[in-house]
Amino acid sequence: MKKIVLTGGGTAGHITPNIALMPELRRRGYEIYYVGSKKGMEKDMIEAINVPYYGVSNGKLRRNFDWKNFTDPFRVIKGCSEAKKVLKTIRPDVIFSKGGYVSVPVVIAAHSLHIPTVIHESDMTPGLANKISLRFADKVCCNFPETMQYLPADKSVLSGSPIRQELFEGDRQTGLQFCGFTGDKPVILIIGGSLGAVAVNNAVRSVLPKLTPKYDVIHLCGRGNLDPTLDHTEGYVQYEFISEELKDLFAAADLVISRAGANAICELLALRKPNILIPLPTGASRGDQILNARSFKKQGFSYLLPQEKITDEVLLKAIDKVYRHREDYIKAMNESQQGNPIRIIADLLDSLTGGPEAQA
């Protein structure tokens with residue numbers, strides 16, 4: 001069997017795409033291993049699905065001044081040494097890195113051992129970890145056409161982001177029944193991320209009296225963000241988070257309101273869901289969500305609504321406009337070049353290991 005090492009961690013966005021790739025990799029005959037940090041969230045997530053896991057040291061790469069900037073480079077060096085020992089033990093045929101700080105020593109170690117490596121950049125512009133990894137990688141996959149200008153032409157591949165297969169297996173009727181909806185009205189699904197989005201939550205709840213006569217609303221508001229005063233509001237249900245039933249809620253949704261994290265919006269693209277994106281403002285991030293949302297707007301996939309411009313009237317008009325023109329958004333998404341990220345990435349990995357794609 002061919003062997004592959006997956007790496008990436010720090011946030012769910014660096015882990016779930018790797019998990020999404022695993023079924024196809026197994027189907028193609030790969031034996032899968034994972035290298036992450038010693039204590040990061042990726043350790044629990046990967047061990048829970050019974051994939052062999054190896055932890056290595058890593059340092060955080062900061063743009064701002066911090067005293068840890070003087071010690072973390074030594075952790076990266078230590079991580080490179082540890083990763084090299086792990087890779088010598090596993091002897092993989094190829095590496096796939098989804099990014100995050102822990103991926104840097106793994107990619108560097110792979111390069112020193114002449115193991116072909118593919119990295120994936122989710123956002124419009126490469127993050128610091130991938131900027132470092134890029135020089136050691138054989139290929140780099142990305143989500144946005146605009147990202148190609150920041151990457152070496154001979155290395156870059158427009159792939160999109162791997163999406164969990166189970167999201168395609170949802171059932172609309174099951175989702176409606178779960179929420180207690182009849183299906184007589186269009187359904188709006190609001191997703192603020194795993195921690196919720198206070199500004200989005202407040203904006204949606206502010207317009208509920210005018211929204212629910214026309215739409216049923218499913219609100220995933222994040223941990224600790226439930227509003228008990230809205231319980232039993234007709235046409236509105238709220239959940240801190242949803243796991244198993246998420247695929248059915250997506251299937252039930254006619255329109256989605258979401259933040260603009262790269263993996264979240266790639267799921268909307270893959271599922272062909274008309275959407276309104278409310279990206280994190282620059283004060284709360286490095287601005288990557290704004291760039292992501294602008295790209296999706298330009299390609300006709302999404303309606304961009306800056307957080308600072310939200311009023312009750314603006315939000316209601318945006319919802320009505322997107323729903324009215326929903327077929328235009330679906331048509332644009334159907335014409336996207338990023339139709340099957342898992343196949344594109346798996347073919348690329350095969351091409352580096354002498355698999356079917358290389359022999360075609």
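Gly127 counts as buried at 14% relative accessibility, where buried means under 20% relative accessible area, exposed over 50%, and partly exposed in between, with a 1.4 Å probe and protein chains only. Gly127 sits in the loop between strand S5 (117–121) and helix H5 (128–134). Helices (H or I, at least four residues) and strands (E, at least two) are DSSP runs numbered from the N terminus. Lys98 is 29 residues from Gly127 along the chain, and their C-alpha atoms are separated by 11 Å.

The model is predicted: local features need pLDDT of at least 70, side-chain atom pairs count only at pLDDT 80 or more, and totals for chains, interfaces and linings use all residues. Residues are numbered from 1 along each chain as its sequence is written, and side-chain values use heavy atoms, with hydrogens and water left out.

On the scale of the whole protein chain, the secondary structure comes to 15 helices and 13 strands. The radius of gyration of the protein chain is 21 Å, close to the 21 Å that the globule rule gives for 360 residues, so the chain is as compact as a globular protein of that length. The radius is taken over C-alpha atoms, and the globule rule is 2.2 Å times the number of residues to the power 0.38. Along the principal axes, the C-alpha atoms fill a box of roughly 60 × 50 × 40 Å. Of the 360 residues, 53% count as buried.

Next come the charged pairs. Side chains of opposite charge can pair when their charged atoms come close. A salt bridge is a side-chain nitrogen of Lys or Arg within 4 Å of a carboxyl oxygen of Asp or Glu. The count by this rule comes to 14 salt bridges.

One of them joins Glu47 to Lys43, with the closest N and O atoms 3.2 Å apart. Glu47 and Lys43 are 4 residues apart in helix H2 (residues 41–47), which means that about one helical turn separates them. Lys43 is partly exposed at 26% relative accessibility, and Glu47 is partly exposed with a relative accessible area of 36%.

Another salt bridge is formed by the side chains of Asp216 and Lys185, at 3.2 Å from N to O. Asp216 lies in strand S9 (residues 216–220) and Lys185 in the loop between helix H6 (172–179) and strand S8 (187–191), so the pair ties together parts that are 31 residues apart in sequence. Asp216 is buried, with a relative accessible area of 4%, whereas Lys185 is partly exposed at 22%.

A salt bridge also links the side chains of Glu335 and Lys331, at 2.8 Å from N to O. Both Glu335 and Lys331 are exposed. Elsewhere, salt bridges form a network that links Lys2, Glu24, Arg27, Arg28, Arg343, Asp347 and Asp350.

Lys297, Lys309, Lys321 and Arg324 form a positive surface patch. Patches are made of residues with over 30% relative accessible area and no salt bridge, with like charges joined within 9 Å and nonpolar side chains (Val, Leu, Ile, Met, Phe, Trp, Tyr) within 5 Å. Lys and Arg count as positive and Asp and Glu as negative, while His and the chain ends are not counted. The place of a charge is taken as NZ of Lys, CZ of Arg, CG of Asp or CD of Glu. Accessible areas come from the Shrake-Rupley method with a 1.4 Å probe, and for residues only the protein chains shown count as cover.

The backbone angles are the next topic. Most residues other than glycine have a negative phi, and most peptide bonds are trans. Asn50, a residue other than glycine, has a positive phi near 60 degrees. Asn50 is placed in the loop between H2 and strand S3 (53–56) and is exposed, with a relative accessible area of 69%. His232 is not a glycine either, yet its phi is positive, at about 70 degrees. The loop between S9 and strand S10 (236–239) holds His232, which counts as exposed at 82% relative accessibility.

Helix H11 (residues 288–298) contains Leu291, a partly exposed residue at 28% relative accessibility. Gln299 is in the loop between H11 and strand S13 (302–304) and is partly exposed at 24% relative accessibility.
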